[in-house]
Amino acid sequence: MISCSINGIKVQAEEGSTILEVAQMYGIDIPTLCYHHDLTPYGACRLCMVEVDEGKRTKIVASCLYPVKEGLKTRTHTEKLIKGRKLILELLLARCPSSKVLQDLASKMGVEKIRFNMENDDCILCGLCVRMCAEQMGSGAVGFVGRGQKREVATPFHAASDICRNCGACMYICPAVNLQCRGVKHPGDLCNSCLVITPQCIEKYGQVTCTIESCGACVQKEKK
Amino acid sequence: MTNAQSPVEPMPEYDTVDQIVERNNCKRSALISILQEIESVYNYLPTWALRRVSEKLGVPLIQVCGVASFYDAFHLTPQGEHLVRVCLGTACYLKGGSRVLESVEKELGTKDGETTSDLKFSVHSVRCLGACALAPVMVIGQQYFDKMMPMKVNKILKQVQSRSGKDQE
Amino acid sequence: MGKIKNKQALEALQKTLLQQRDPNKPCVRVCVGTGCRARGSLNVIKSFEDEVKKQGLASKADIKQTGCHGFCEKGPVVVMGPEEVFYSRVESADIPEIVSETLLNGRVVDRLLYAEPVTGHKSVHEYDIPFYKKQTRRILLNNGKIDPTNILHYVAVGGYLALAKAVTGMSSEEVIGVIEKSGLRGLGGAGFPTGRKWRSTRDAVGDMKFVVGNGDEGDPGAFSDRSLMEANPHSILEGMTIGAYAIGANRGFLYVRAEYPLALKHLQIAIEQSKEYGFLGDDIFASGFSFNVDIARGGGAFVCGESSALVASIEGKMGEPRAKYIHTVEKGLWNKPTNLNNVKTWASVPLIINNGANWYSQIGTKESKGTAVFSLVGKINNTGLVEVSMGTPLRRIVYDVGGGILGNKKLKAVQTGGPSGGCIPEELLNLPVDFDELNKAGSMMGSGGMIVMDENTCMVDVARYFLDFLQYESCGKCVPCREGIKRMLEITTNITKGQGKKEDMDLLQEMAETIRDFSLCGLGQTAPNTVLSTLRYFRKEYEAHVIEKRCPAGVCKALIQYTILKEKCTGCGACKALCPSQAIQGEPKKTHIIDLSKCVKCNTCQDVCKFEAVAVKQKVG
């Protein structure tokens with residue numbers, strides 16, 4: 001077992017665990033989007049970034065990928081991290097405002113406006129569907145094609161796939177289209193009205209488990 | 001990416017593609033080289049060729065499509081007889097490269113990244129050919145044109161077009 | 001010629017080659033690097049061969065093709081040995097005169113000599129030309145002197161002796177020790193200490209190890225790697241072989257971008273010849289050490305200059321970087337320990353082995369030893385490759401070596417480090433080139449591109465240009481890079497169109513910090529640098545665009561208009577004839593007028609006017 005600390009709390013972890021796995025075990029809520037515990041971590045959404053101390057240096061790393069080490073000191077909710085996560089959400093919402101998952105995360109993190117031109121894409125390129133299809137369903141019918149702004153999830157040649165079994169797992173796991181937010185009436189609006197009121201740790205453990213530093217999951221706002 | 005029912009797709013030439021794959025020892029790591037060779041034969045990457053490569057190499061088709069759509073060297077639609085590359089690297093840009101591109105687009109009636117309908121010319125802006133002393137640079141085929149200006153574009157394109165079929169490079 | 005089986009045989013071969021050479025025999029060296037070739041140097045060589053044959057001089061003079069001399073501005077370049085007379089802008093028509101005057105009679109053809117841009121002073125010998133004289137050419141030393149397609153030329157100047165020394169007389173520990181002591185730092189980007197990287201790779205656990213040469217050089221405006229690969233490919237191969245020996249690798253890859261066909265060709269020839277002579281392959285110099293190198297062609301993606309994306313590309317995949325929490329030196333190619341260095345770094349290795357760590361480190365600064373190679377381009381008189389000691393002030397590079405600003409305009413900034421770098425303003429021109437000094441100023445050494453900008457360069461447009469480049473090249477995997485750069489580009493584009501808002505500058509600053517900290521790889525992490533450095537040093541320009549809707553440099557099309565100056569216009573009609581949108585009207589010998597509603601601002605009129613009668617002013621209304 002490895003001893004390290006998260007937010008000042010001493011934690012024990014199995015060798016080979018990632019910071020995110022350890023944090024989740026201890027009920028410390030690091031926001032994620034492209035992560036699923038049954039799929040290979042991808043590290044693309046950059047919401048789960050945390051600060052770690054390595055010797056004299058502090059680095060910002062993706063907690064879903066970074067392996068715990070003996071003596072590692074992690075901080076999950078610093079000013080820089082919170083600011084960065086808010087910007088990431090703002091960028092994603094500007095692309096895909098109708099996603100309930102994104103709107104919920106925005107409320108939770110206190111994002112109240114979007115300063116960019118709004119679009120109406122229904123994919124945030126998180127890759128969950130690609131990994132789901134390949135790893136859990138054993139098909140690999142869809143994948144990433146293109147580069148940069150042209151990157152998208154597609155079947156070969158955008159043609160009907162001959163290996164897709166219509167299982168629907170990709171739709172099930174998709175954070176963008178699975179649940180549509182009906183609270184957005186005007187471009188640039190943030191819904192904020194379907195807040196996740198109950199902190200995750202109460203649901204899971206029956207009591208609030210963050211002790212020294214707030215993990216930010218208990219943000220409550222008045223319903224609009 | 002190209003529609004599977006593209007009307008311009010020629011008949012598959014599996015032997016040609018097979019030979020290219022075999023010449024590269026059927027190695028997955030040679031995928032980029034293999035695709036480059038196929039592109040140099042057909043002037044683009046036909047759908048049937050990508051399917052064949054996927055079969056022969058044992059690489060999932062979606063991954064072959066991923067590689068084919070990632071790199072600038074590959075095109076999924078037929079390219080023109082003359083490939084016009086206008087450099088927009090920093091040195092060329094600062095010396096007016098984007099005006100040269102606009103002029104080329106206007107003369108050919110086609111936009112950056114596209115091919116003229118008669119399949120004579122394809123226009124691509126590129127970022128740095130490593131010939132910065134010649135800025136602004138335009139390359140047609142293997143022929144370099146240095147210190148380009150919008151007013152030189154028309155004459156050069158006409159010259160290239162009239163030489164068509166005789167000696168290309 | 002069979003394989004060279006040991007060090008003594010190599011030394012004997014070198015001696016024989018030097019003895020066979022008559023130092024007084026005239027030798028014509030013609031540059032066939034990409035730049036000169038583009039200007040017709042292949043025809044120049046052919047003309048020399050024809051003329052020499054015609055005059056019956058075939059046995060009396062050698063004609064040698066060489067790689068890039070580095071002074072691309074003056075191409076096609078011809079150097080006449082043994083006097084080293086330097087001729088510039090040579091054309092086929094000049095050859096008969098050069099042959100009869102210089103070759104036969106030792107006289108100089110004055111009009112082909114290099115002339116200083118400001119004073120007009122002419123130099124006869126290559127070594128007198130300030131562009132060359134003020135450089136410290138070590139890595140580039142043999143560029144332009146040897147035929148890169150003939151391995152014997154490389155051997156004649158001492159090639160492969162360092163390899164022989166290393167594999168027959170030094171342990172791997174000793175080799176690493178020398179590289180560490182020299183202070184060599186990576187010349188491709190971030191300047192990581194090379195010896196330390198080698199040691200980590202050597203110490204990493206793996207049944208197989210690899211060395212990789214990075215010849216991707218995606219930075220626009222940089223061509224030093226291209227020049228080196230074309231002109232002296234063996235120096236890179238020798239360095240990689242020595243490195244492989246020290247690290248314990250038996251396989252290597254040279255990753256070369258597809259846009260460099262000549263570099264690819266010369267490297268392929270070099271590898272084949274090196275194998276013939278036994279400098280690559282099994283049991284090199286009978287040491288028991290074997291090493292083979294393959295060329296991996298890039299597919300055209302700037303992001304593949306990043307080491308983990310490069311590795312993915314060699315493996316035949318999309319060039320997507322991965323987070324480097326486990327370093328490439330531990331798990332790189334096919335998850336094996338892999339040591340990746342830029343081709344210039346590899347080429348430095350034989351020099352250090354031959355001359356010693358002290359020789360390398362005696363020049364440079366405390367933390368940045370040896371020399372740096374820059375591609376000096378942009379609004380500079382002498383565009384070309386420049387190698388100087390670390391610590392040389394920027395001012396000296398721009399004025400003494402570079403010959404000052406084109407058209408005698410005012411210098412505004414020097415951009416280093418490519419799209420990942422930043423702009424250094426004129427006030428900081430005394431900055432010494434050094435990894436850490438450049439970082440402190442908000443830029444970086446990067447791959448050696450050095451772009452000179454004058455008073456007619458709009459710094460907001462420069463930031464927009466690099467963001468546009470990076471958006472196009474981003475792999476698109478992570479959100480801060482893909483979405484963040486896109487939005488920064490939108491904002492800066494709006495500013496250049498006169499649609500900027502006051503909050504934009506603070507928003508850019510805020511975004512820049514998160515994109516830098518949260519991006520997955522170096523491309524995204526350094527993408528905000530140009531924005532940050534232009535905001536830092538040229539905030540007034542941003543403000544002018546946003547508040548006054550004015551482009552001080554006269555570049556942003558939406559904010560300028562073209563006008564013909566009455567007092568200078570002679571009514572020659574040249575502009576009217578060439579205007580692509582027929583926007584100019586006027587009678588002969590009378591002042592012409594531009595119809596602003598038709599003007600597309602292509603600048604043709606200003607380009608063609610001999611009387612400086614076309615001016616760019618701030619747009620009215």
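**Helix packing, chain contact and local backbone features**

In chain B, α3(B) passes α4(B) in a right-handed crossing. The model described here is predicted. For α3(B), residues 47-57, and α4(B), the angle is about 125 degrees and the axes are 9 Å apart. This makes α3(B) oblique to α4(B), because the range for roughly perpendicular ends at 115 degrees and roughly antiparallel applies only over 145. On the α3(B) side, the residues involved are B:L50, B:R51, B:V53 and B:S54. They meet B:L61, B:V64, B:C65 and B:A68 in α4(B). By class, the residues of this contact comprise six nonpolar, one polar and one charged.

The axes of α6(B) and α7(B) come within 8 Å, crossing at roughly 40 degrees. Here too the arrangement counts as oblique, since roughly parallel is kept for angles under 35 degrees and roughly perpendicular starts at 65. The crossing of α6(B) and α7(B) is right-handed. From α6(B), the contact draws on B:R99, B:V100, B:S103, B:V104, B:E107 and B:L108. Helix α7(B) contributes B:P150, B:V153, B:N154 and B:L157. The residues of this contact of α6(B) with α7(B) are divided into six nonpolar, two polar and two charged.

Chain B has seven helices and four strands, and along the sequence they follow the pattern α-α-α-α-β-α-α-β-β-β-α. Its C-alpha atoms fill a box of roughly 50 × 30 × 30 Å along the principal axes. Of the 169 residues in chain B, 46% are buried. Among its contacts between residues at least 6 apart in sequence, 63% join residues at least 24 apart.

Chain B also touches chain C. The contact takes 37 residues from chain B and 43 residues from chain C. Five helices of chain B each supply at least two residues of the side that touches chain C, namely α2 (31-42), α4 (61-70), α5 (90-94), α6 (97-108) and α7 (150-162). The side of chain B that touches chain C holds 21 nonpolar, nine polar and seven charged residues.

One bridge to follow on screen is that of A:V52, whose partner in β4(A) is A:K59.

A few backbone details in chains A and C also deserve a look. Most residues other than glycine have a negative phi, and most peptide bonds are trans. In chain C, the peptide bond from C:G75 to C:P76 is cis, with omega near 0 degrees. C:P76 lies in the loop between β2 (62-66) and β3 (78-81) of chain C. Another cis peptide bond joins C:G81 and C:P82, with omega about 0 degrees. The place of C:P82 is the loop between β3 and β4 (85-87) of chain C.

A:H158 is not a glycine, yet its phi is positive, at about 55 degrees. This residue sits in the loop between β7 (152-154) and α5 (169-173) of chain A. A:H158 is partly exposed, because it has 14 other C-beta atoms within 10 Å, whereas a residue counts as exposed at 12 or fewer and buried at 20 or more. C:E612, again not a glycine, has a positive phi of about 55 degrees. C:E612 is found in the loop between α25 (604-608) and β19 (614-618) of chain C. With 10 C-beta neighbours inside 10 Å, C:E612 counts as exposed.

Terms used
Residues numbered from 1 in each chain as written. Chains lettered and ligands numbered in written order. Predicted model: local features only at pLDDT ≥ 70, side-chain atom pairs only at ≥ 80, totals over all residues. Contact = placed C-beta atoms within 7 Å. Nonpolar A, V, L, I, M, F, W, Y, C, P; charged D, E, K, R; others polar. Axes fitted to C-alpha atoms, helices over the stretch in contact; angles between N-to-C directions. Left-handed = near helix turned anticlockwise from the far one by under 90°. Pairing = 2+ DSSP bridges.
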